[in-house]
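Subject: Structure for your files

Hello,

Here is the structure I said I would pass on. My notes on what was found follow below it.

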Amino acid sequence: MISLSELAAKLKGETKVALICHVRPDGDTLGSALALKLALNSLGIGAEVVCDDPVPSRFFFLNECLTVGKELSGEYSAIAAIDCADITRLGKFSEVFAAHKNTYGIDHHVSNNRYAKYSYVVDLASNCENVLKLIDELGVILTEDMANLLVMGIMTDTGNFRHKNVTAETLAAASRLKAVGADINKIYYHMFSAQSKERAKLFGMVMSRIRYFEDGKLAIATVRLKDFSESGARQDETEGFIDFVMGITGVEIGACIMEVTPNKFKISFRSNGADVNAVASAFGGGGHTLASGCQVCGDYEEVVDRVRFAASREIPI
């Protein structure tokens, strides 16, 4: 792994950089990629942000989120994967990334497998904290736009500063960004409060069917395809469902299983101490000790049984 100073020095030598967000983009991948783009642009370095999946409309309250592209354009001196632990999470851009001779990985997941030529991976609460340090190392002065993007990412990956991954360093970073002009109230409203009537209906449907296992220490919420058609909600409106599950008394591990196509499920795990990175890794996924994810194919009840077995091995006795 390269050091922060080495990373900054190498980036300063680039002419045009493609910054790739992971599929199903969240606030951390978008915030860190877009803030870094602004920083590189300020140094006269060309930079573009792309993602294989559309950016959910809830992010459009920050204008920079409207600039994320769907295609790469022209030649790049370097390609960087942002907030992405595994190359497959780059979607259709994984092939061009693997083929490029000059690649960077800027990430905070403990499960990162160092697939880039130059990897900078530090396990902080959010990747935006890593990018904030990188912007400082680049010698760039923070702007209000950068601050809003970085705070959005920090708030996303800390559940609005509620998760156990929050450290004094996290709060210090947020305080500094607030001083620059980050609008925390506005970001909170759009990221955690505002919702459509359709999402509210879907939320009620899903939470009324939570299943409990292992004496209530494992809770599983499920969103089936038919739930989307019945509620009118979109798949990208399930963000935050897992946080409700983790608020239930006695739950050590929470899982939110979402059917993305028939017999294909995206699973998000959270815990109050158990290693859910190990749970997700059993299915080829990963992430953090207290927050991870994966995809599993199969019959729904079979998937639930497999999740239950994998999770039960990590639940503290």
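Aromatic rings

Phe203, Phe241 and Phe244 are linked into a cluster by ring pairs. Please keep in mind throughout that this is a predicted model. The structure holds six aromatic pairs. One of the pairs is formed by tyrosine 104 and tyrosine 118, with a centre-to-centre distance of 5.5 Å and 35 degrees between the planes, which makes it tilted. Tyrosine 104 belongs to strand S4 and tyrosine 118 to strand S5, so this pair ties together parts that are 14 residues apart in sequence.

S4 and S5 are part of an open sheet of five strands, in the order S2-S1-S3-S4-S5, with parallel pairing. The edges are taken by S2 (46-50) and S5 (118-121); each has a single partner strand, so one side of each has no neighbour in the sheet. From one strand to the next the twist averages 15 degrees. Strand S1 (residues 16-21) pairs with S2 in the parallel sense, over five bridges. Isoleucine 20 has valine 50, in S2, as its bridge partner.

Helices around it

Helix H2 (residues 27-42) lies across S1, S2, S3 (78-82) and S4 (103-107), and runs at about 165 degrees to S2. Helix H4 (residues 127-138) also packs on the sheet, where it touches S3, S4 and S5; its direction is at about 120 degrees to that of S4.

Helix H1 (residues 4-12) has Leu4, Leu7, Ala8 and Leu11 as its buried residues. Viewed down the axis of H1, these residues fall within an arc of 95 degrees, so they line one face of the helix. They pack against H2, S4, S5 and H4.

Cysteines

How many disulfides are there? The count comes to zero. The cysteine sulfur closest to that of cysteine 51 is in cysteine 21, at 5.4 Å; a disulfide needs the two sulfur atoms within 2.5 Å, so this is too far for a bond. Cysteine 51 is buried, at a relative accessible area of 0%. Cysteine 256 is in no disulfide either, as its nearest cysteine sulfur, that of cysteine 294, is 12 Å away. Cysteine 256 is likewise buried, with a relative accessible area of 7%.

Regards

Note on methods
Residues numbered from 1 in each chain as written. Predicted model: local features only at pLDDT ≥ 70, side-chain atom pairs only at ≥ 80, totals over all residues. Heavy atoms only, no water. Pairing = 2+ DSSP bridges. Helix = DSSP H or I, 4+ residues; strand = E, 2+ residues; numbered from the N terminus. Axes fitted to C-alpha atoms, helices over the stretch in contact; angles between N-to-C directions. Contact = heavy atoms within 4.5 Å. Buried < 20%, exposed > 50% of the residue type's maximum accessible area, 1.4 Å probe, protein only. Arc of directions from axis to C-beta. Phe/Tyr/Trp six-rings, centres within 6.5 Å; stacked < 30°, edge-to-face > 60°.
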